Amino acid sequence: MPHVPEPEEDDLDAIAPPQPVFHVEQALLGALLLDPHRLSDVTGIAADSFSTPAHAALFAAISTLPPPDPAEHAKNTKWLDQVLATGREQARGLTASYLHTLVQVCPWPRHAPAYARMVEAEHARRRLQTAAERLTQIVNDASLPHPVETVLAEADALAAVVDDITSRFPPRAGVLPRTAAPPPAITTDHTEAAEEEQLLLATATARPADIESVRWLLPDDLTRPLHAGLWQCLTALARRREPVDPVTVLWEAQQRGLLDNASEPSKVLRLLAEPAGSVEHWAERALQRSLLATADHACRRISAYAGDPANTPFQLVVGARRALADISAVRTRWQHATGTVPPPRPRPAPATRAGPPTTTAAHATRAARATR
């Protein structure tokens with residue numbers, strides 16, 4: 001007979017234990033409550049760096065209140081009472097006993113800078129995960145009127161988060177995330193994609209001269225292996241300036257080993273026999289799908305990396321940059337396809353020594369000197 005818990009029993013197993021960062025935050029806050037002057041040694045974090053509202057409220061109170069006189073602080077709890085009162089304005093559940101707990105669990109107050117660095121690292125991981133999840137939602141929002149522009153703007157926002165984390169935790173060479181990348185998700189209507197890709201292949205077969213104008217389209221942009229292989233056949237024939245028609249494409253497909261039980265010759269011939277529209281239009285549609293799928297896979301990879309607490313900020317930076325590079329590669333081809341080249345995204349200025357003047361006046365002065 002299954003065990004039925006008594007009403008007074010607590011289901012403690014249902015309560016998830018706090019994450020390591022919770023204990024780190026407690027140690028840091030305890031250090032600052034014991035030795036408020038150590039706040040000057042704590043950098044890189046703010047109230048929103050903490051994982052709970054109570055901890056955020058306490059850090060905000062400690063940061064805003066004037067530090068007490070050390071001798072007076074050792075004698076009475078006046079400053080601690082002020083911290084508690086200020087913190088309660090944002091987190092009403094704070095109690096004097098919890099402040100006492102924070103003081104008790106702090107191993108070494110002099111380790112406050114190390115604790116702060118840990119809090120900063122965990123906050124960076126949460127920020128990256130939130131930004132990646134936001135991009136995933138936008139990629140899969142079918143209601144967007146301009147999906148590519150919106151997705152690329154959100155990818156820029158994600159890249160800005162990565163840049164900020166990089167400035168705080170410069171990547172180390174060869175340090176890759178431990179987490180296995182998730183497989184690509186299905187983000188498109190494959191029926192619609194297959195129909196449009198068939199129209200692309202048939203139209204390119206009927207108008208091979210137009211293939212050169214869509215050199216930015218790659219076989220991997222197509223959703224089906226047969227379609228990708230046939231596009232390779234078409235581009236190869238066009239590049240070699242050989243005749244292009246359904247029969248020559250079929251022969252090229254046989255030479256490349258593309259024909260199997262699922263790709264009978266008659267099926268391939270029918271696929272290539274009904275052109276419609278323009279090569280440029282269908283190629284651009286295929287590239288748009290590829291860009292959205294690439295962005296979806298990239299942000300899922302970043303989200304998986306950030307969701308694994310075993311990854312350090314250094315590893316997150318390396319993994320995120322590699323994922324974002326995949327988006328950038330497709331983005332460049334999209335800009336070539338559509339003729340849209342937006343201004344470069346501003347990046348944080350590197351911390352380098354000041355060099356020689358680079359203004360127009362300085363160039364003019366050097367040029368004048370060179371002609372003397």
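Serine 49 lies in the loop between helix 1 (20–34) and helix 2 (53–64). Is serine 49 buried or exposed? Serine 49 is buried, with a relative accessible area of 2%; buried means under 20% relative accessible area, exposed over 50%, and partly exposed in between, using a 1.4 Å probe and protein chains only.

A word on the source. This is a predicted model, in which local features need pLDDT of at least 70 and side-chain atom pairs count only at pLDDT 80 or more, while totals for chains, interfaces and linings use all residues. Residues are numbered from 1 along each chain as its sequence is written, and side-chain values use heavy atoms, with hydrogens and water left out.

Now the whole chain. How many helices and strands are there in the chain? There are 14 helices and zero strands; these are DSSP runs numbered from the N terminus, H or I of at least four residues for helices and E of at least two for strands. Of the 372 residues, 38% count as buried. Among contacts with a separation of 6 or more, 74% come from residues 24 or more positions apart. The chain exposes about 21300 Å², and carbon and sulfur atoms supply 56% of that area, by the Shrake-Rupley method with a 1.4 Å probe.

Next, helix packing. Two packed helices are described by the angle between their axes and the distance between the axes. Axes are lines fitted to C-alpha atoms, for helices over the stretch in contact, and angles run from 0 to 180 degrees between N-to-C directions.

The axes of helix 2 and helix 4 (residues 78–88) come within 8 Å and cross at roughly 130°. Helix 2 and helix 4 are therefore oblique to each other: under 35 degrees counts as roughly parallel, over 145 as roughly antiparallel, 65 to 115 as roughly perpendicular, and the rest as oblique. Ala57, Leu58, Ala61 and Ile62 of helix 2 meet Trp79, Val83, Thr86 and Gly87 of helix 4.

The last pair is helix 12 (residues 279–306) and helix 13 (residues 313–338), which pack at an angle of about 170° with their axes 9 Å apart. Helix 12 and helix 13 are therefore roughly antiparallel to each other.

How values were computed. Contact means heavy atoms within 4.5 Å.
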